[in-house]
Amino acid sequence: MSTGAMRNSGIEWIGDVPALWEFKRLKYTSTLAGRIGWQGLTSEEYRTEGVHLVTGTDFKDGRIDWDSCVRVSEARWAEATQVQLQEGDLLITKDGTVGKVARCIDLPGKASLNSGVMVIRHKVPMSTYFLYWVLQSPVFTGWFSDVNAGASTISHLYQADFYNFGFFIPPTVQEQEQVASLLDVETAKIDQAMSLLHRELETMEQLKKSLIYEVVTKGLDPTVPMKPSGVAWIGEIPEHWVTKRLRYVASAKTGQTPPSDDPTYFDGPVTWYTPNDINNDHVDTSARTLTLKAISERRAPLISAGVTLFVGIGATIGKVGFSNSACSFNQQITALPTYVDSAEWLFYVMQAQRDFIVGQAMYTTLPIVNNGSLGDLLLPIPPGGEQSEIAIALNKRISHIDQIIAVKKLQSETLARQRESLIFEYVTGKRRVSEVA
């Protein structure tokens, strides 16, 4: 797909590049600046008026969302002249999600950076927009992975390292701008398609949520007489149903984590769930497992097959799973072995009331729903046979929706790979602007 002679770049993750393209290190083309500490700045100083303070969370679609920025006093802006923003600046995050990039466009006035962002300014004739695309490609991610190899689990882009970042660049600013402009147009087409898929996925997820709620509160027969349940989140229920508290249909058992410094408790045959393994679906595998020793020494519980698992504490509070096999689980998860005819029916009932449960959570350091609060929950209870019918019907209908969701997720992932490949091929010259009609 290339035009003109190519040569080996000598860099594994880049491959061949055009013979006339030059290799540059950032330290020879640009300057970097970041805020050194906070000079005692605290969130109490944030205000609704004043100088914009840009953080990585304000990056949106390669630009800065000025409306989302917090404000600080002009005195704080004056303290750090090196990060006083200018129109056209290129910004990159150095902490958190490392490598997010944004251009400073439509600067609304005085603005500064927090300590998690660096500003890049060129000191030689060069297209800022071309570098913007380079930093979104495997040219940068491959380099950063190599530099960060063996580092701690917390990634950080050090200024001294970043100065040594190397990339290949077309010999003229005009060609650099042409590449950047083309990528702007071509990625926008892909982004539009991905945005449409994202909206379709949201619609399908909402359809699944609505379907579960409707069936577990109203049943499968739309012609049956209804009555008020007396419970706000439930509304009306079939006349022959009752409401009961969760403690009368299931027990609650909280999990444990064995001592992490004892390897004899881990990597055995027992599935051990954490909130990361639970995703409002049936679950059968876990990232970590336990040994039989951990169970026999009561370092973690073992629960029988066919049980609903509820995340009752932390950032993902309210997630629900259903395990078809015997399993163990950590202290953030409560298992709900049930006394009713259909354990899977309870799984769907818990999904239906997730928003209500989360809304009732107590907030200390972390949101939490304790077992007592869970036990107080009022549930719509159909007769036993009807419970099984509901579970079977929902399994079938949800499976169909999940198949559609899986296809759309695969399409979205394919588009993301195409986008990355497109950027990479153009910023390394494997495809040239002249090849596009």
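Two strands pair if DSSP finds at least two bridges between them. By that rule, strand β4 (residues 30–34) and strand β12 (residues 117–122) pair in the antiparallel sense over five bridges. Helices (H or I, at least four residues) and strands (E, at least two) are DSSP runs, numbered from the N terminus. The model is predicted: local features need pLDDT of at least 70, side-chain atom pairs count only at pLDDT 80 or more, and totals for chains, interfaces and linings use all residues. Residues are numbered from 1 along each chain as its sequence is written, and side-chain values use heavy atoms, with hydrogens and water left out.

**Strand β4**

- Within the β4–β12 pairing, leucine 32 has isoleucine 120 in β12 as its bridge partner.
- Four of the five residues of β4 are buried, so the strand is largely enclosed by the rest of the structure.
- Buried means under 20% relative accessible area, exposed means over 50%, and partly exposed lies in between (1.4 Å probe, protein chains only).
- In a regular strand, side chains alternate between the two faces of the sheet.

**Helices α6 and α11**

- Helix α6 spans residues 173–218 and helix α11 spans residues 384–427.
- Their axes come within 10 Å and cross at roughly 170 degrees.
- That makes α6 roughly antiparallel to α11.
- By class, the α6 contact with α11 has 26 nonpolar, four polar and ten charged residues.
- Axes are lines fitted to C-alpha atoms, for helices over the stretch in contact, and angles run from 0 to 180 degrees between N-to-C directions.
- Angles under 35 degrees count as roughly parallel, over 145 as roughly antiparallel, 65 to 115 as roughly perpendicular and the rest as oblique.
- Ala, Val, Leu, Ile, Met, Phe, Trp, Tyr, Cys and Pro count as nonpolar; Asp, Glu, Lys and Arg count as charged; the others, Gly among them, count as polar.

**Salt bridges**

- The structure holds 15 salt bridges, each defined as a side-chain nitrogen of Lys or Arg within 4 Å of a carboxyl oxygen of Asp or Glu.
- One of them joins the side chains of lysine 110 and glutamate 74 (2.4 Å, N to O).
- This pair links distant parts of the chain, 36 residues apart: lysine 110 sits in the loop between β10 (101–103) and β11 (111–113), and glutamate 74 in helix α2 (residues 74–79).
- Lysine 110 is partly exposed at 37% relative accessibility, and glutamate 74 is partly exposed at 46%.
- Glutamate 175 and arginine 432 also meet through their side chains (2.9 Å, N to O).
- Here the separation is 257 residues, with glutamate 175 in helix α6 and arginine 432 in the segment after α11.
- Both glutamate 175 and arginine 432 are buried.
- Lysine 209 and aspartate 355 form another salt bridge (2.5 Å, N to O).
- Lysine 209 lies in helix α6 and aspartate 355 in helix α9 (residues 354–359), 146 residues apart.
- Lysine 209 is partly exposed, with a relative accessible area of 42%, while aspartate 355 counts as exposed at 52%.
- Salt bridges that share partners join Glu45, Arg76 and Glu79 into one network.

- Aspartate 106 is not a glycine, yet has a positive phi of about 60 degrees.
- Aspartate 106 is found in the loop between β10 and β11.
- Arginine 298 is not a glycine either, and has a positive phi of about 60 degrees.
- Arginine 298 lies in the loop between α7 (292–296) and β21 (307–311).
- At 70% relative accessibility, arginine 298 counts as exposed.
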